[in-house]
Amino acid sequence: MPHHPVVESVRSGDISIITLSNPPVNTLGRPARRALLVELERAENDEAVSAVVIAGRNNFSAGADLAEFDSGEGLAEPTLHLTLTGYLDTMTKPTVAAIDGVALGGGLELALACSARVAHPRAKLGLPETTLGFMPGAGGTQRLPRAVGIEAALDLIVTGRSISSAEAETLGLLEAVDPDPVGAATQLARRLVSAAKPRLRDRAIAEPLAEAFVDSAKRFAARNPKASAGVKAALEALRSAVTKPFDEALADELEFFVRLAGEPEARAARYRFLSDRAAVRLRPVENVPDVTTAAVIGAGTMGRGIALALLSASIEVTLIDTDADRVNAGIAAMTADLDRAVARMRLTEGDRDAQLKILSSGVGLEKAASADLVIEAVFENLDVKRDVFRALSDVVRPDTILASNTSSLDLNLIAQTAAHPERVVGMHFFSPANIMRLVEVVDGGDTSPATLAAAVKVAKRLRKLPVVAQVGPGFIGNRIFDQYIRQAQLLLREGVSPQQIDSALERWGMAMGPFRVLDLVGNDISWMARKAAGGAGEDVAWQIADALGENGWFGRKSGSGWYRYGDDGSAGPNPDLTELLASFTGPQISDDEIVRRCILALVIEASHVLADRVAATSADIDTVMVNGYGFPARRGGPWFFAELTGWELVQLLVKRWRERTGDSFWSTADLPLTEKNAS
Ligand code: 3HC
Ligand code: NAI
């Protein structure tokens, strides 16, 4: 049980005001549900009380506690939430919900079971369950259509979007909008004392074509491959709402909800929700510097994207390069990007102008002199980067934070050249940096806690998802992804075509198959990196990729690579590559095996990353792969996938591949290694 009271109750005359107090967002976990039920019973049985107001401190309620479902407690008691809403239905005294902040999911369902609802103008209301792989389970599919009509209920439940108080009032979801919701709810409760108690469950769904509306939505969902199991089940429950008596339909909702909540898709969605938010929980640090001005060194692909991300968070930016032409090209590309955003109505003209106003540029590192934060995005070359950090130290303030966007170099070797290595940190953005959410924040050997916290804070201000990584080759993501690419290369040697590998993995859910990714990034980059590191050495896996480099088949930019590209950008097989691959043959390999081998390669390397403590938790690794590498969110992440598969089966598969290929990579030594036993 939490130490603070999860529910507080005070009296205003004959009105009992019950306030949920379960920070930060008043989720309705088991203790909160129990405490609320106890208070409601007390009010119902207290003769001095004639009506009840239910409110929430700061927020009304964000609904069910998503962590509870998988703790072994949530589904053991699926009906308590219903008991609560059911109890509200049986109460003889009127109840009014006073909504501030959010009323989402089970929170809104609680409000729907009250006699009436009042909300603050800033409140947000919605049933987001279908976006979490499942569906409302405490009467939402039954009471919402009775409050707002079937069309609006279909829209809100299928999209999961939240709406403003103003929209909710128009739809009939709220009786009033008031800047003092508790005061207004108290008055309304008093007025309801002498009236017949309104209950949504008694209200009919007025639309005579309600069934046709639901069936039409069902047909649409059946044809739409993107419609989730949650949406389909919610539509079934809505069908019950329009065809069956309330209690029977409510029982259907509960049955669908319980079935879906335990399915892998819903489990993965909850895991993603909680892991994304848990990724950066740093120990509290005092005196975290604020960043209002930044300099970006290098006006290339990454520098431009990083600068755009900073501007969008109203941070002043100076873009710096070695000559005026490069600077100007960078500014022109950024301006074009902002203009495109205006043309697509993603940005107002006013916002574009405001962003351009705080953008400046120039040649030479002196231009970075006044910045609170410098982000370096020059060529991926250790000597160049070391020179930049050495020279920067002469021009910036001693308290300026210096961040490197290196994707593979040793941050500590770069930091050594800075006057204050404790102020050096890695900020590894992903391309395009103004769009991709992931940022690996790299904690160097000398990075101070305040510097690390400042980098995390900036990343969050840019609305990114920071994950802390320690220094190591490829940090978290590139190191793991490399092994996935390597498996794809080895499959080629067993006679599988790039097309089969890409389409198997794309069908499974990867945003792009490995060979399409390689062609997009450019096959020259990894080829040069391998050459710089002294060649592929003993590992035959990279021989075919090296041949592509030698032939100049760099991918999209050269017109051919793992595919051949038409002038319109369309991709087809590359006949020269087909010829090159003709000598590689083997027994047919199924799509399932391709997927398992590539995905479990991610898991094996993830276990080494954990053992080396480069990542703090397996959930962080999953967060990196989903948000930076196109791993399907609905599958949770590679580690989550391995857990669902079951470690026993994973071990058997790994042993089999070891025997068949002789590849020492397939080792079960560290499996399953979790944050709990990574000691
Ligand atoms: N369960 C558990 N934890 C939750 C939660 C939930 N439903 N909603 C929020 N939290 C936690 C977050 O994990 C985070 O924890 P942290 O402080 O330890 O990192 C904290 O609350 C604050 O959340 P955010 O960082 O997301 O804060 P924001 O201010 O950006 O957003 C919010 C607040 C709009 C409430 C957002 O958190 C949200 O959308 N929450 C989910 C709401 C939801 O989907 N509810 C439906 C649940 S399913 C249900 O109710 C089933 C029912 O039908 C029976
Ligand atoms: P790029 O080649 O497009 O741009 C680099 C820019 O830096 C060029 O404009 C160059 O003139 C400038 N530059 C070089 N030396 C400089 C110096 N001494 N002072 C000022 N400017 C200098 O390179 P890109 O792709 O933007 O990469 C930059 C960095 O970001 C590299 O470290 C790379 O590894 C990293 N990165 C790249 C990703 C990508 O997908 N391209 C993804 C994540 C990180």
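## Ligand 2 and its shell

Helix α16 gives the most to the shell around ligand 2, contributing three residues. At least two shell residues each come from α13 (301–312), α16 (382–395) and β15 (424–429). The model is a predicted one, in which local features need pLDDT of at least 70 and side-chain atom pairs count only at pLDDT 80 or more, while totals for chains, interfaces and linings use all residues. Residues are numbered from 1 along each chain as its sequence is written, chains are lettered from A and ligands numbered from 1 in the order in which they are written, and side-chain values use heavy atoms, with hydrogens and water left out.

Ligand 2 has 22 residues around it, and M302, D321, R326, E380 and K385 come nearest; a residue is near a molecule or strand if one of its heavy atoms lies within 4 Å of it. By class, this shell holds nine nonpolar, nine polar and four charged residues. In that scheme Ala, Val, Leu, Ile, Met, Phe, Trp, Tyr, Cys and Pro count as nonpolar, Asp, Glu, Lys and Arg as charged, and the others, Gly among them, as polar.

## Polar contacts of ligand 2

A polar contact is a pair of N or O atoms within 3.5 Å; within protein, one must be able to donate a hydrogen and the other to accept it, and residues adjacent in sequence count only if both atoms are side-chain atoms. D321 places a polar side-chain atom 2.6 Å from an oxygen atom of ligand 2, and S407 has a polar side-chain atom 2.8 Å from an oxygen atom of the ligand. At V378 a polar backbone atom is involved, 3.3 Å from an oxygen atom of ligand 2. Taken alone, ligand 2 exposes 830 Å², of which the protein buries 78%. Accessible areas come from the Shrake-Rupley method with a 1.4 Å probe; for residues, only the protein chains shown count as cover.

## Ligand 1

Ligand 1 is surrounded by 22 residues, the closest being A62, E109, E129, R277 and R281. Its shell comprises 12 nonpolar, five polar and five charged residues. Helices α4 (106–112) and α12 (264–278) each supply at least two residues of this shell.

Two side chains have polar atoms beside oxygen atoms of ligand 1: that of E109 at 2.8 Å and that of R277 at 2.7 Å. A backbone N or O atom of L66 lies 2.8 Å from a nitrogen atom of ligand 1. Taken alone, ligand 1 exposes 990 Å², and 70% of that is buried by the protein.

## Domains

The protein chain is divided into domain 1 (3–262), domain 2 (293–476) and domain 3 (480–613 + 646–679), with bounds from an automatic or database domain assignment. The centres of domain 1 and domain 3, taken over C-alpha atoms, are 48 Å apart.

## The eight-stranded sheet

Eight strands form an open sheet with mixed pairing, in the order β12-β11-β10-β13-β14-β15-β16-β17. Two strands pair if DSSP finds at least two bridges between them. The edges are β12 (359–363) and β17 (465–470); each has a single partner strand, so one side of each is left without a neighbour in the sheet. Neighbouring strands are turned by 25 degrees against each other on average, direction ignored. Axes are lines fitted to C-alpha atoms, for helices over the stretch in contact, and angles run from 0 to 180 degrees between N-to-C directions.

Strands β10 and β11 (residues 316–321) run parallel and are joined by five bridges. V296 has L319 in β11 as its bridge partner.

## The three-stranded sheet

A further open sheet has three strands in the order β5-β7-β8, with mixed pairing. β5 (102–104) and β8 (162–164) are at its edges with a single partner strand each, so one side of each lacks a neighbour in the sheet.

The bridge partner of A103 in β7 is L125.

## Backbone geometry in loops

P23 and P24 are joined by a cis peptide bond with omega of about 5 degrees; P24 lies in the loop between β2 (15–20) and α1 (30–45). Another cis peptide bond joins S431 and P432, with omega of about -10 degrees, and P432 is in the loop between β15 and β16 (438–443).

N287 is not a glycine, yet its phi is positive, about 55 degrees. This residue sits in the loop between α12 and β10 (293–297).

Notes: Helix = DSSP H or I, 4+ residues; strand = E, 2+ residues; numbered from the N terminus.
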